[in-house]
Amino acid sequence: MEIVINHLTRMQPGFMCVAGIDLLTMTHIRPVWPAGRLTDDLLARHGGPFDMGAVIDIGKPKRVGHPPELEDCQPDWIYVRRLRRTDGKAFLAMLEAVTQNDLIAVFGPDLTKRGTKAAMEPNHGKASLGCVMCRDAPSLRVVPRPPKPDQVRIWLRDPSLGELDVPVTDIRLYGPDHVTPDRKVIAKTEGRLRSRAKVILAVGVGRLPPPQPGSPPAHWLQVNNLHFADDPVWQLG
């Protein structure tokens, strides 16, 4: 199976998450490690295969997903390799082919609005990954969260859920530690959004967080990546 990477997201230091589109079925596939999270040495900048727009051979993966994470597949990691880089025109056409007009079309009606956020209950939902067209220009900002690290967030207006304010996990908007927001890159990206450049949002719902008293578990909506039509293959490098 060959997939084109269109989701590349930050996690805790030393880890990342990646997903792509199967070129035959045009469905999302998330390669997962059998014993835990993917380490950042798998990124192209560290000599690994993964970068935005990379075409990756993942062999014959085993389906291991369950709602909402139906995209999870376990490759035979010995054979995972990068084949080539997709050109911008082909990458944009692929994104447009899988992009939906609103979030409910991506995740199904189990995704519900909760204040200015959105989430779905455990074991519900028809997907955990997708792409959505942003008709109204979204807005980025960096939010202080002491004593936690600052967080990149995005305001957007969705036709099905209305106005939302959700975290952004695009690894390209953070520094090499995957924790510190890269304010220079964020300012440049916000400038492009203000210019009303056409943008497709790669969206997802996160894994269940650790249990917390008084907070029922849920898969919370996040924006994984921003894809601009005039520069679709913006690689981490």
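Two strands count as paired when DSSP finds at least two bridges between them. Keep that rule in mind on this tour. The model on your screen is predicted.

**Stop 1**

Two bridges join S9 to S12. The two strands run parallel. Now pick out Gln100 and look across to S12: Val132 stands opposite.

**Stop 1: the whole sheet**

In general, strands of a sheet pair through backbone hydrogen bonds, either parallel or antiparallel.

**Stop 2: along S12**

Go back to S12 and show its side chains. As a general rule, side chains in a regular strand alternate between the two faces of the sheet. Here, Leu129, Cys131 and Met133 point one way. Gly130 and Val132 point the other way. Are these residues buried or exposed? All are buried. Buried means under 20% relative accessible area. S12 as a strand is mostly covered, with five of its five residues buried.

Next, step from S12 to S16. Five bridges join these strands, which run antiparallel. Select Cys131 and find its bridge partner in S16, Ala202.

**Stop 4**

Select S16, residues 199-205, and S17, residues 219-228. They pair in the antiparallel sense over seven bridges. Zoom in on Gly204, and you will find Gln222 of S17 opposite.

**Stop 3: a pocket**

Turn to the second largest pocket, with a volume of about 220 Å³. Its lining holds 14 residues. Select His28, Val106, Ala127, Leu129 and Gly130, which lie nearest its centre. Which of the elements gives the most? S12 does, with three residues. Colour the lining by class: eight residues are nonpolar, four are polar and two are charged.

**Stop 4: two cis bonds**

Move to the loop between strand S6 (62-63) and strand S7 (72-74), where Pro68 is found. The peptide bond from Pro67 to Pro68 is cis, with omega near 0°.

Then select Pro147, in the loop between strand S13 (139-145) and strand S14 (148-158). The bond from Pro146 to Pro147 is cis too, with omega near 5°.

**Stop 5: two positive phi angles**

Select Asn123, in the loop between strand S11 (117-120) and S12. Its phi is near 65°, a positive value in a residue other than glycine. Asn123 has 58% relative accessibility, so it counts as exposed. The cut-off for exposed is over 50%.

Finish at His178, in the loop between strand S15 (162-167) and H3. Phi of His178 is near 65°, again positive in a residue other than glycine. Is His178 buried or exposed? His178 is buried, with a relative accessible area of 1%.

Technical notes. Residues are numbered from 1 along each chain as its sequence is written. This is a predicted model: local features need pLDDT of at least 70, side-chain atom pairs count only at pLDDT 80 or more; totals for chains, interfaces and linings use all residues. Side-chain values use heavy atoms; hydrogens and water are left out. Helices (H or I, at least four residues) and strands (E, at least two) are DSSP runs, numbered from the N terminus. On a 1 Å grid over the protein atoms alone, a cavity is a set of points where a 1.4 Å probe fits but cannot get out, and a pocket is an open set with protein on both sides within 12 Å along at least five of seven lines; lining residues have an atom within 4 Å of a point. Grid points are joined across faces, edges and corners, and a volume is the space filled by probe spheres set on the points. Ala, Val, Leu, Ile, Met, Phe, Trp, Tyr, Cys and Pro count as nonpolar, Asp, Glu, Lys and Arg as charged, and the others, Gly among them, as polar. Buried means under 20% relative accessible area, exposed over 50%, partly exposed in between (1.4 Å probe, protein chains only).
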